[in-house]
Amino acid sequence: MGKAKKTRKFATVKRMIGSRDSRLKANADKAAEENKKKDADELVREIPQVASSLFFQYNEALRPPYSILVDTNFINFSIQKKLELVQAMMDCLYAKSTPVITDCVMAELEKLGPRYRIALRIAKDPRFERLKCDHKGTYADDCIVNRVMQNKVYIVATNDVDLKRRIRKIPGVPIMSCGTGKYVIERLPDAPEK
């Protein structure tokens with residue numbers, strides 16, 4: 001016959017909490033501090049919501065000749081709808097307007113390849129004003145939102161739903177989009193009465 005194995009009886013060993021256990025108060029405080037640091041380091045992408053009744057009470061900088069900040073898909077939609085960019089902008093606003101294009105938008109158009117060579121040729125038109133970008137990366141949506149937040153002298157021309165949603169949260173910035181046969185503008189103020 002073999003030797004009988006002895007087993008420990010349940011709960012005879014005293015269990016101890018480890019020094020790294022999350023139930024200890026000191027460890028919980030450390031975890032809370034680390035979460036605060038992470039939140040502070042992250043880039044803020046949300047803009048605080050402002051009541052829509054406050055729009056255009058403060059934006060006196062928006063006057064003709066209008067500067068229209070053009071996005072990549074706006075040019076592509078204009079080509080699809082067979083609209084001449086500068087002329088259609090003037091027809092929409094009833095005023096002189098200069099399309100403005102950033103380096104990020106140009107880089108985005110160049111990345112799209114040969115299928116979008118017509119859009120690239122339109123963007124290189126001498127009537128377009130060119131803005132230099134001094135930030136890293138070529139994400140045009142962030143670039144446009146940052147420009148508009150810094151100085152509110154631009155009308156943003158885009159058909160991108162996400163970009164429109166982000167710009168609507170910034171007070172005093174109108175949005176132009178490509179409709180059927182013409183351009184449509186949102187939230188352009190009426191002429192001030194004097």
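Trainee: Which residues are buried in α6?

Mentor: In this predicted model, the buried residues of α6 are A140, D141, D142, C143, I144, V145, R147 and V148.

Trainee: What makes α6 a mostly covered helix?

Mentor: Helix α6 spans residues 140-150, and eight of its 11 residues are buried. A residue is called buried when its relative accessible area is under 20%.

Trainee: What covers the buried residues of α6?

Mentor: The cover includes the strands β1 (66-70), β2 (97-102), β3 (129-131) and β4 (154-157), together with the helices α4 (103-111) and α7 (161-168). Look at the sheet side too: α6 lies across β1, β2, β3 and β4, and runs at about 155° to β1.

Trainee: Which residues make the contact of α4 with α6?

Mentor: From α4 come C104, V105 and E108, and from α6 come A140, C143 and I144. By type, the residues of this contact divide into five nonpolar, no polar and one charged.

Trainee: What makes E108 the charged one in the contact of α4 with α6?

Mentor: Glu is counted as charged, while Ala, Val, Ile and Cys are counted as nonpolar. E108 is a Glu, and one charged residue is what the contact has.

Trainee: Which residues of α4 are buried, and what do they pack against?

Mentor: D103, C104, V105, M106, A107 and L109 are buried in α4. The buried residues of α4 pack against β1, α2, β2, α5 (117-123), β3 and α6. Just after α4 you can find G113, which takes a positive phi of about 95°.

Trainee: Now the sheet. What is the order of its strands?

Mentor: Six strands form an open sheet in the order β3-β2-β1-β4-β5-β6, and the pairing is mixed.

Trainee: Why are β3 and β6 called edge strands?

Mentor: Each of them, β3 and β6 (183-186), pairs on one side only. Neighbouring strands of the sheet are turned by 30° against each other on average, direction ignored.

Trainee: How do you know that β1 and β4 pair?

Mentor: Two strands pair if there are at least two bridges between them. β1 and β4 have four bridges, in the parallel sense.

Trainee: What about β4 and β5: how many bridges join them?

Mentor: Two bridges join β4 to β5 (residues 175-178), and these strands run parallel. The pairing cut-off is at least two bridges, and two bridges meet it. M176 in β5 is the bridge partner of A157.

Trainee: Which way do the residues of β4 point?

Mentor: Y154 and V156 point one way, whereas I155 and A157 point the other way, and all are buried.

Trainee: Which strands does helix α2 touch?

Mentor: Helix α2 (residues 72-80) packs on the sheet and touches β1, β2, β4, β5 and β6. The direction of α2 makes about 35° with that of β5.

Trainee: Why is S177 called buried?

Mentor: S177 is found in strand β5. Its relative accessibility is 11%, and the limit for buried is under 20%, so S177 counts as buried. Leaving aside neighbours within four places in sequence, S177 is in contact with F74, T158, N159, K164, Y183 and V184.

Trainee: Why is K82 called exposed?

Mentor: K82 is found in the loop between α2 and α3 (85-93). Exposed means over 50%, and K82 has a relative accessible area of 76%, so K82 is exposed.

Trainee: Where does Y94 lie, and is Y94 buried or exposed?

Mentor: Y94 lies in the loop between α3 and β2. Its relative accessibility is 75%, so Y94 counts as exposed.

Conventions. Residues numbered from 1 in each chain as written. Predicted model: local features only at pLDDT ≥ 70, side-chain atom pairs only at ≥ 80, totals over all residues. Heavy atoms only, no water. Buried < 20%, exposed > 50% of the residue type's maximum accessible area, 1.4 Å probe, protein only. Contact = heavy atoms within 4.5 Å. Axes fitted to C-alpha atoms, helices over the stretch in contact; angles between N-to-C directions.
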